[in-house]
Amino acid sequence: MTDNATNSVTGITPDNVVDDVAGSNDAHEAPTFVQLTVRSVERDTDKSVVVTFETSTLDRPELLAFRHGQHLTLRREFDGVEFRRSYSLCSAAPDGPLRVAVRQIPGGVFSTWANTELQAGDRLDVMTPAGHFTHELMPTEARRYTMLAAGSGITPVFSIMSTILRHEPEALVRLVYVNQTSRSTMLLEELERLRDRYLGRIQIWYAFTREETDATLLSGRPDRDRLDALIRARVLASDADHAFLCGPIDLVQIAQDALIDAGMARERVHRELFTARQVGASIRMAPQEVDAGATPVAVGRATLHGRNTSFEMFEGDSVLDAVQRVRPDAPFSCRSGVCSTCQAVLLDGEVEMAVNYGLSDDEVERGYVLTCQSTALTDSVSVNYDA
């Protein structure tokens, strides 16, 4: 994945641009919200629940088809203020139940409500699945996988593991799962059932930062020295075909560096960040207010849900801010460069991304940008959310 750095991206000028209605695109549809009924809310740990949604009555069930490692964005108003939170799906793709696990964060409005008040029968706005923490399955190959998850980072990793084991019959998976204590370990029973079901094909090591275990390497905070030792012990196998890492940014970064330094190709290391704080340049949950008579610094066009719309950018705006003023249906969630919900292809102009945790190097080369982190470097830009 792309490192935390400023990224200057130049758009690909299209041969022609349709003025009012964009051409159809069968390969991708911009994320949109669907209202779903909660089928069940099950207690997982003292501070987490597993929420499953009912999808059998949908008119267009294909909207909620998902790939392993993708996430859902949930939307709800609290005291008149809209909150959006992204939670990874924790089921085998493509036809597992639509469910997420929500860990309660101290002071977290949405997560506290989900853990204390949400119940079966409630209705929630759910954005169609999104995210790039995934890969192409190869059922005929006997591939080996290294997984590292910390805390709630297990949720997408569980989806990835269970999908791989189901669809790649010869695959072998190794997981190191880091938590503070055994009591706080999410999806513990499900992991053990997965191990029993695929006996001999999956190995799991539980590591605890605040609980002693018999294995020194699995006790205490996993710093670089400890990760290097786990690689030497082949618990974290650097010669695996793919590695999936999910957790706090510091742990994910040092684990990625350790695997690459041990010989794993960078493109084989997939990562996703889980954080309770905003890490990007923009933490506004809505566009800034613009004074009457203010002069725009750039203009643009956005393609979204088959429609092209013009917008103006003002000093301090991200592309998302500017688009959202004229298209409130513009997709977003974290607004901090992590979730990639707001991604679009830059067709024309040049932008600078303050941070990029959500797109791979290959996606950036193909013209994708995170609109929440992109500011215009040219006097006009054109983006396509449907691409």
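Modeller: A disulfide here is a pair of cysteine sulfur atoms within 2.5 Å. By that cut-off the structure holds zero disulfides. Keep in mind it's a predicted model, where local features need pLDDT of at least 70, side-chain atom pairs count only at pLDDT 80 or more, and totals for chains, interfaces and linings use all residues. Residues are numbered from 1 along each chain as its sequence is written, and side-chain values use heavy atoms, with hydrogens and water left out.

Colleague: What about C339, how far is its sulfur from the closest cysteine sulfur?

Modeller: That closest sulfur belongs to C334, at 3.6 Å, which is too far for a bond.

Colleague: And is C339 buried or exposed?

Modeller: Buried, at 10% relative accessible area. Buried means under 20%, exposed over 50%, partly exposed in between, using a 1.4 Å probe and protein chains only. C90 is buried too, at 0%.

Colleague: Switching topic: what's the strand order in the open sheet?

Modeller: β5-β4-β7-β2-β3-β6, six strands with antiparallel pairing. Strands are DSSP runs of E, at least two residues, and helices runs of H or I, at least four, numbered from the N terminus. Two strands pair if DSSP finds at least two bridges between them.

Colleague: Which strands stand at the edges?

Modeller: β5 (81-88) and β6 (99-103); each has a single partner strand, so one side of each lacks a neighbour in the sheet.

Colleague: How many bridges join β3 to β6?

Modeller: Five, with β3 covering residues 48-54. In one of them, T52 partners R99 of β6.
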